[in-house]
2 protein chains.
Amino acid sequence: MASEEVSNKQVLLRDYVTGFPKESDMDVKTSSIKLKVPDGSKAVLVKNLYLSCDPYMRGRMNRPIIASYIGSFQPGSPIAGYGVSKVLDSGHPDFKKGDLVWGITGWEEYSLITATESLFKIHNTDVPLSYYTGILGMPGMTAYAGFYEICSPKKGEYVFVSAASGAVGQLVGQFAKLLGCYVVGSAGSKDKVDLLKNKFGFDEAFNYKEESDLGAALKRYFPEGIDIYFENVGGKMLDAVLQNLRVHGRIAVCGMISQYNLERPEGVHSLSALFLKQARMEGFLVPSFYHKYSNYLELVLPYIKEGKVTYVEDIAEGLESGPAALVGLFTGRNVGKQVVVVARE
Amino acid sequence: MASEEVSNKQVLLRDYVTGFPKESDMDVKTSSIKLKVPDGSKAVLVKNLYLSCDPYMRGRMNRPIIASYIGSFQPGSPIAGYGVSKVLDSGHPDFKKGDLVWGITGWEEYSLITATESLFKIHNTDVPLSYYTGILGMPGMTAYAGFYEICSPKKGEYVFVSAASGAVGQLVGQFAKLLGCYVVGSAGSKDKVDLLKNKFGFDEAFNYKEESDLGAALKRYFPEGIDIYFENVGGKMLDAVLQNLRVHGRIAVCGMISQYNLERPEGVHSLSALFLKQARMEGFLVPSFYHKYSNYLELVLPYIKEGKVTYVEDIAEGLESGPAALVGLFTGRNVGKQVVVVARE
């Protein structure tokens, strides 16, 4: 039996994180693993191919005392996140050797996954497999649920997206354009702004770092106000949007990345806009919408194949590059969806 | 014609207000008025009986540049608000002499109302007429729309109401109890807290002025969290509620009276609760729900007659007492719905 063990490179959390996460908050170490599911277990043993870097992971680096919707990582253990994996062995009737799956896995070469209920089987392989960490995975479902379900968008409405070139934002903007909305995005560099306008087809885009008055910037792009805001950043940008909200405006609160590393989140001052404008602000977590995943695939796979939706990924090579890639999300280093390639099949 | 003129006492806005409003921001002066509608006009000429003091009126005292959903009062002119009035003369086919109406009227003894579309005819007079400034008028409809329509309440849910002994709050609490919810209210004095527990049947109540940590206070009354928050105050209380929200919590934003007199509203820091708890925060303005007024009367009139709902008013006698009564809202001087009696029929 000992001969079946192979080496297993892992990204471990060193200790709970306060403030901005650093590469040194994680260690890359090599352990070993048997490539077989224990007898009688309903787990699956997978080889990890692509790992997804997502802002929500920051919350799992906090000490457990800080409220989050999902447990903290364990210092000394591999961190975990969404990924695309290949089943090497299975004790579960729904999965067999050779299956491709996406869902929560460990940041390591091989993982024994016991929480198999979080895994989706991949049936469509005529698209890049890495897409299942992005447009065809959790971020895609996030854009779909947040935009279509939470925002109730209508043709012709004025839509603003922050963190607009990111894994979710780039999709929200394109979905809104396909519906016939006017769409403006904000991002943190000239390159990203170019991407928004020239690749994703946003009507307008701006670099928030170059605006001293975000409220005035939004007023410039939305002289008649904002119907829909897809909220990814929080803080000052949210305040600026509230000041520019249209009657019956809707804000889908997907996340607030600008706030995750602050000791205390910034104060938002313009909430009276909610009653003055009869507006709605609604938060959501994408797992609550996973029962609609097949509907989403029916919508988005044709869009991809017909070239109506495009998806930009930022690929980091090798598990060793994982900590830098993950940490880079919080300084906006990534351009598009940040993926870590562990192995290509 | 000149002989038909009578004297008309009025409450005039002296000048736009910044900060807390003071009695001296208003003048009581006597003008004169003809008790006849001008020939060919579709206006109505009314004798005002009861005037309503409502927090939203503070917004109309601002310089017009400050965003509000309704225009500013005119310095030198009478202020306006909801009231109960008797029609003395009418050029409008829907109203005739002797009709009782409620709606927007002037703070004066007699008013010529041209915006007759805002008037409701009063058909049920076997209740106190002043109730049409409260439980049977705008505040009643506010409680009804905000609680039933915005909060989608269910039996057994945990409900928190701020400014709970006020014109709207006392009704929200009683409606929630009738539905079988657990209801806690906050108010600003021992007398009000007693009223909440002993007269309105709230399960619990507390004096927010005696709590150094509002989040801890709410944790005490809602160990399992808050399903529904009826928001009347804003600021620190909203932050404390967000910290104690339950999954799929709902916040109906009716108003934020604690913020209206601040140069800059307080910052709210805990908005990440919206996505962490998949919660919804929705603002509303009651005129958007006036088409449901007859449904509301069908619900609430039997409640009143059967003694299932009670309503506490704070009656100020005479138009001269109007400025003090209105200003008193913002220091919490009123106990229950603040009404000004101009005349009793």
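The C-alpha centres of domain 1 of chain A and domain 2 of chain A lie 28 Å apart. Domain 1 covers 5-134 + 312-341 and domain 2 covers 138-287, with bounds from an automatic or database domain assignment. Their contact takes 21 residues from domain 1 of chain A and 16 residues from domain 2 of chain A; contact means heavy atoms within 4.5 Å.

This is a predicted model, in which local features need pLDDT of at least 70, side-chain atom pairs count only at pLDDT 80 or more, and totals for chains, interfaces and linings use all residues. Residues are numbered from 1 along each chain as its sequence is written, chains are lettered from A and ligands numbered from 1 in the order in which they are written, and side-chain values use heavy atoms, without hydrogens or water.

**The two chains**

**A β-α-β unit**

Helices (H or I, at least four residues) and strands (E, at least two) are DSSP runs, numbered from the N terminus. In chain A, β8, helix α2 (residues 169-179) and β9 make a right-handed β-α-β unit. Right-handed means that, with the strands pointing away from the viewer, the path from the first strand over the helix to the second runs clockwise.

Strand β8(A) pairs with two strands, β9(A) and β11(A). Pairing needs at least two DSSP bridges.

| Pair in chain A | Direction | Bridges | Opposite residues |
|---|---|---|---|
| β8 (residues 158-161) and β9 (residues 182-187) | parallel | four | Val161(A) and Gly185(A) |
| β8 and β11 (residues 226-231) | parallel | three | Phe160(A) and Tyr229(A) |

Is helix α2(A) enclosed or open? Eight of its eleven residues are buried, so α2(A) is largely enclosed by the rest of the structure. Buried means under 20% relative accessible area, exposed over 50%, and partly exposed in between (1.4 Å probe, protein chains only). Among the buried residues are Leu171(A), Val172(A) and Phe175(A). Their cover includes α1 (138-150), β8, β9, β11, α7 (293-305) and β15 (337-341) of chain A. Just after the helix, Gly180(A) takes a positive phi of about 95 degrees.

**Nonpolar cores**

A nonpolar core is a set of buried Ala, Val, Leu, Ile, Met, Phe, Trp, Tyr and Cys residues joined through side-chain atoms within 4.5 Å. The largest has 142 residues, and Leu136(A), Leu271(A) and Leu271(B) touch the most other members. Leu136(A) touches residues including Trp102(A), Tyr131(A), Tyr293(A) and Ile304(A). Another core, of 83 residues, lies apart from it; Val193(B) and Phe330(B) are among its members.

**Single residues**

Most residues other than glycine have a negative phi. Ser152(A), in the loop between α1 and β8 of chain A, has a positive phi of about 40 degrees. At 36% relative accessibility, Ser152(A) is partly exposed. His248(A), in strand β12 (residues 245-253) of chain A, has a positive phi near 65 degrees. His248(A) is partly exposed too, at 45%.

Tyr56(B) lies in the loop between β3 (44-52) and β4 (80-90) of chain B. At 14% relative accessibility, Tyr56(B) is buried. Tyr56(B) and Ile257(B) are 201 residues apart in sequence and 8.2 Å apart in space, C-alpha to C-alpha.

Conventions:
Lists of a residue's contacts leave out its neighbours within four places in sequence.
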